[in-house]
Amino acid sequence: MKVDVVLGLQWGDEGKGKVVDVLTPDFGVIARFQGGPNAGHSLHFGDKVHVLRSIPSGIFRENAVNIIGNGVVLDPVTFAQETGELEQLGVDVKAKIRIAKKAHLILPTHRMLDAASEAAKGKAKIGSTLKGIGPTYMDKTGRNGLRVGDILSPSFMERYERLKQKHIAMLAQFEGFTYDIAEYEAQWFAGIETLRQFTIIEAEHEMNRLLNNGQAVLAEGAQGSLLDVDYGTYPFVTSSNTVCAGACIGLGVAPNRIGEVFGIFKAYCTRVGSGPFPTELFDQTGKDLQQIGHEFGAVTGRERRCGWLDLVALKYSAMINGVTQLIMMKSDVLNTFPTIKVAVAYEIGGQRVTEFPYETNEEITPIYKEFEGWSCDINGIRRYEEFPRQFKEYVEFIERETGVPVKIISVGPDRDETIVR
Ligand code: GDP
Ligand code: IMO
Ligand code: MG
C-alpha cells in the first residue's frame, strides 16, 4: 500500500484537521510527520469543536491507528493535556496512539529559548507560537536533542540535566530576559510519566510493516508549504519540512511509497505571525474576510492576516509537493463578496513575474484577475453540479492554472459540509 499525504499549500490553517477527519474512514492509519504543538487542527462535529495539537486528526474515528512520527517534536505537557481531554470525551487514547521513539522532546528550556530569541529580535520577530519548536529542531540538527526513546534509558535524568544546563547558559546571554521554569518543569515530568503509559514504537519499522500488511496510511501535515524551512518565506517560517518530502523523512517511508498528495488551500489566503504576504489586504475587504472566516488562531487566538488567493504561490506549492488533488476550503466565506480577486502574477521592479521569487519581502504588487462573485449561500450545496456558474468559473480557473483537479470542496466547518467530486 501507499502513503497518501494531506498538506497545507499556504501559510497554515487551511483546514487540514477537517479534511483528515473527513478522509479517515478510508484509512486505517493516520500519521503526523512534522511540527508539534505549534499546530492547531480544528474538527467540527456534533455541535462541538475539537482542537488537536500533536495528536493526529484521525483520533475520533473508530479503529484508526494514530501515529506520532519521528519528525514531530513533542511537548509532554501539551501531550498530557490533550490526551487527558480526549479521555474525558471517552476516546481510548492509549489504545489508539503510538509514538515514535525517535521523535524529539520539547524541554521547558526550549520554550524559554524560543521566548528569549523572539524578544531579542524585536520588530524582526518571526511571530513564533512560542512552543519551543525552533530551539528543539536546532538541538535535533545540532545533535544535542533528547528523544522520546530516551525516557526509557536509565541515564535520562542525567541527560536532561545536562541539556537543561546548556540551555541555562544560553539563556544567560539574553540580556534582561528573566524566567522561571519550576512550575512548568514539574508539569513536564508529570507529562513524561503520562508518555510512559503509551505505546512507544520504532516507527519506521511499524510504518513499513503496516504498509506491507495492506494498511492504507494517511500522513497529516502541519503548518503549510509557505512555512517550510527550505521553501517557505524564510526566515519567516517554521523549523521543519512541511512539504511532501517531509513525510518520507518524518515517517521513515521511501519516496516511492507516496501515493496521492492532497494539497489543501483556502479559497482566499491567511497568515498568522510575521513575514511577507503579497496579497494581504489592509482595507475593509481584509477585515470582512477575517470576520466572516473567523480568522483567529486556533492555538494563540491571534488575528490572522487575510488577503486574496495567490496563484503564484499556489502553483509553487503544487509543484514542490507534487500535488495530485486539490482541496478548496472555506469557499462559503466568499459568499457575499461581489467581486473576487486572484493574483495571477507579481509586478516586481516593473517586471511581470510568474514564478514565486527568492525574496518575497521586496515591493511586490500583485496582478489580479477579477471574478464575479456568486452572491448567494452555498453552505447547503452537496453536489458540484448545484454550484452557481460564477463559483464553477472560479474553481475551474484554479484547475486550469495549476493543472491539478479540485477534487474536494468545503463549504462549512462541519464534517458534512463537504463536496467530493
Ligand atoms: P488547520 O490548522 O489546517 O487544521 O486549520 P485550523 O483548524 O487552524 O483553521 C481552519 C478553521 O476553519 C477551523 O476553525 C475550521 O473549523 C474552519 N473551517 C474548515 N473548513 C471550513 C469551511 O469550509 N468553511 C468555514 N466557514 N470554516 C471552515
Ligand atoms: P497549523 O498546523 C499557522 C507560524 C507562526 C509563525 C511561524 C513560526 O495549525 O496550520 P513556530 O512556532 O513554528 O516557530 O512559528 O509559523 N505557524 C503557524 N501558522 N498555522 C500553523 O499550524 C502554524 N504553526 C506555526 O505563526 O509565524
Ligand atoms: Mg491551525
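Reply: In this predicted model, a nitrogen atom of ligand 1 is 2.8 Å from an N or O atom in the side chain of D332. A polar contact here is a pair of N or O atoms within 3.5 Å; within protein, one must be able to donate a hydrogen and the other to accept it, and residues adjacent in sequence count only if both atoms are side-chain atoms. Oxygen atoms of the ligand take part as well: one is 2.5 Å from a polar side-chain atom of S410, and a polar backbone atom of G412 lies 3.1 Å from an oxygen atom of ligand 1. On its own, ligand 1 has 580 Å² of accessible area, and the protein covers 92% of it (Shrake-Rupley method, 1.4 Å probe; for residues, only the protein chains shown count as cover).

The shell around ligand 1 has 20 residues, of which K16, S42, H44, D332 and S410 come nearest; a residue is near if one of its heavy atoms lies within 4 Å. By class, 5 of the shell residues are nonpolar, 8 polar and 7 charged. Asp, Glu, Lys and Arg count as charged, Ala, Val, Leu, Ile, Met, Phe, Trp, Tyr, Cys and Pro as nonpolar, and the others, Gly among them, as polar. At least two shell residues each come from helix 1 (16-23) and strand 3 (41-45); helices (H or I, at least four residues) and strands (E, at least two) are DSSP runs, numbered from the N terminus.

Residues are numbered from 1 along each chain as written, and chains are lettered from A and ligands numbered from 1 in written order. Local features need pLDDT of at least 70 and side-chain atom pairs 80 or more, while totals for chains, interfaces and linings use all residues, and side-chain values use heavy atoms, without hydrogens and water.
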